[in-house]
Amino acid sequence: MTTTEPRPDPATADLAAARDQHYGPPGTGGPDFQPNVVQRFAPFALAVVTPFALEMIPGDNPGNWKAFIGLAALVVIGLMAWKWTPRGRLTHRQEMRKWRTPDQRMLAALTIFFVLAAPFILASDFSPPMNFPWATWFAVLNLVLIFAMGAAAFNLLVGYTGQISLAHVAFLVLGTIIGAQVGIIFDLTIWVALPTSAAAGALVGVIVGLPALRLRGLYLLLATLGVHFVMLLIYREYLQSRFGFVGISFPKPNIPSALHWIPGVNPDDNGEFIITGQFRWYWVIMPISVGTLLLMSNLVRTREGRAFAAVRERDISASLLGINVARSKLLAFAVSSAVVTMSGALGSYYLGARGEDSFDIQLVLDYAIIIVVGGFSSIQGAVFGSFFFWVLPEWFKWAREELWVVKEIGFLSDYPSEIDLAIKGFLVVLVLVFKPEGLTGVWRSTKSGITKLYRRTARSGS
């Protein structure tokens with residue numbers, strides 16, 4: 001009795017041959033490379049350690065030698081992240097990793113370096129030429145981080161799930177109310193106010209999202225616009241009954257004494273560590289903002305995130321695919337509202353005061369500009385859009401006052417606000433016409449071009 005071996009599928013054999021030709025046989029090194037644990041985490045560890053190590057080195061800094069060491073470390077971090085990145089045939093789990101390709105890992109490591117080094121650079125006594133407002137950029141950076149949280153949450157709801165809502169400012173108001181009630185009336189710390197505001201935002205978000213189960217498009221927009229005005233009415237009543245017409249003055253938060261062991265947390269003479277000044281606020285805002293952005297970025301990559309996209313395309317098709325449409329919509333409202341409410345509370349504490357006119361419908365348009373210019377359906381676009389929204393006016397202001405060609409044009413100085421709006425509007429149109437994907441599309445094209453250039457150079461060198 002003879003047995004017949006199963007014949008290989010020609011299509012599978014051809015695919016395997018093609019992959020072997022491209023990547024090489026498994027385990028032979030070269031492009032088919034899997035890093036060990038040390039290689040995988042070394043670039044990120046170096047990116048975390050380097051800024052603090054440079055800051056702790058005592059002595060003068062003649063010739064800005066620390067900056068040269070920082071740049072050298074930056075190059076080393078990039079090369080390590082590029083070289084020690086998994087390549088070749090990957091498992092499904094490896095394919096789903098966030099920073100899988102060499103350029104993604106290198107960019108992540110460099111971003112960590114910049115995020116950690118930025119406060120030390122901006123807090124230095126460096127004086128740029130032409131009176132460039134060095135210290136001003138610290139406040140701008142903190143505002144960018146706070147706005148990026150709210151814009152990413154707005155993008156999650158509008159861009160990913162397709163639920164057009166104008167209740168965004170209503171949740172910023174809710175965050176301010178919860179922050180004032182918990183932090184001032186109940187006399188608790190900001191560390192209680194922030195999670196409380198997130199929980200309250202999620203709960204109210206589910207309630208506000210209930211109309212989305214039956215309404216779509218313009219009808220949902222009008223329903224959420226009503227939420228905006230109702231929340232403003234509640235806010236004014238709360239403001240007048242609790243704080244009068246002077247507005248809310250938020251106390252400066254402090255770090256609890258149980259956490260004074262953290263490196264860099266050195267209590268003042270009164271034994272407290274008050275969070276005041278841009279440097280200290282940065283180390284409060286940055287982890288919250290980055291952690292929230294990573295959370296939402298991972299959420300859209302999960303099963304629930306893909307359900308959001310399916311719901312955005314069409315409810316009926318999503319339900320035929322087995323997706324619980326109602327659950328997806330309410331989850332999107334809950335997550336988005338929780339993040340926006342928390343950013344409202346955090347922003348109120350950071351700014352220190354809120355009045356009756358702190359919130360208007362213009363804020364919704366500002367967030368819409370941020371996500372459209374930054375990139376629709378992109379968490380990364382929220383960060384780019386926030387930079388665009390906050391950095392551009394500061395740069396225009398500096399250019400009008402110091403840039404020798406621009407400051408001679410009297411028309412620009414006579415109508416600064418109008419000129420800023422006109423230039424911003426022109427840039428928005430420019431981005432939308434030539435790059436509908438927004439600044440995220442510009443960034444991806446640039447990154448792709450640099451990667452191709454690097455690979456071409458490396459190939460020609462070898």
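This short talk covers model confidence, the salt bridges and one surface patch.

The protein chain averages a pLDDT of 81, and 89% of the residues score at least 70. Where pLDDT is low, the predicted coordinates should not be read in detail.

Now the salt bridges. The structure holds 3 of them.

Take Arg236 and Glu356, whose closest N and O atoms are 3.7 Å apart. This pair links distant parts of the chain, 120 residues apart: Arg236 sits in helix H9, residues 217–242, and Glu356 in the loop between strand E4 and helix H14. Arg236 is partly exposed, at a relative accessible area of 33%, and Glu356 is partly exposed too, at 29%.

Next, Asp268 pairs with Arg280 in a salt bridge, with 3.4 Å between the closest N and O atoms. Asp268 belongs to the loop between strands E2 and E3, while Arg280 is in helix H10, 12 residues apart. Asp268 is partly exposed at 30% relative accessibility, as is Arg280 at 23%.

Then there is Glu304 with Arg327, where the closest N and O atoms are 2.3 Å apart. Arg327 counts as partly exposed, with 46% relative accessibility.

Last, the surface. Phe426, Val429, Leu430, Val433 and Phe434 make a nonpolar patch of about 530 Å². Of these, Val429 is placed in helix H17, residues 416–434.

Technical notes:
Residues are numbered from 1 along each chain as its sequence is written. This is a predicted model: local features need pLDDT of at least 70, side-chain atom pairs count only at pLDDT 80 or more; totals for chains, interfaces and linings use all residues. Side-chain values use heavy atoms; hydrogens and water are left out. pLDDT is the predictor's confidence in each residue, from 0 to 100. Patches are made of residues with over 30% relative accessible area and no salt bridge: like charges are joined within 9 Å, nonpolar side chains (Val, Leu, Ile, Met, Phe, Trp, Tyr) within 5 Å. Accessible areas come from the Shrake-Rupley method with a 1.4 Å probe; for residues, only the protein chains shown count as cover. A salt bridge is a side-chain nitrogen of Lys or Arg within 4 Å of a carboxyl oxygen of Asp or Glu. Helices (H or I, at least four residues) and strands (E, at least two) are DSSP runs, numbered from the N terminus. Buried means under 20% relative accessible area, exposed over 50%, partly exposed in between (1.4 Å probe, protein chains only).
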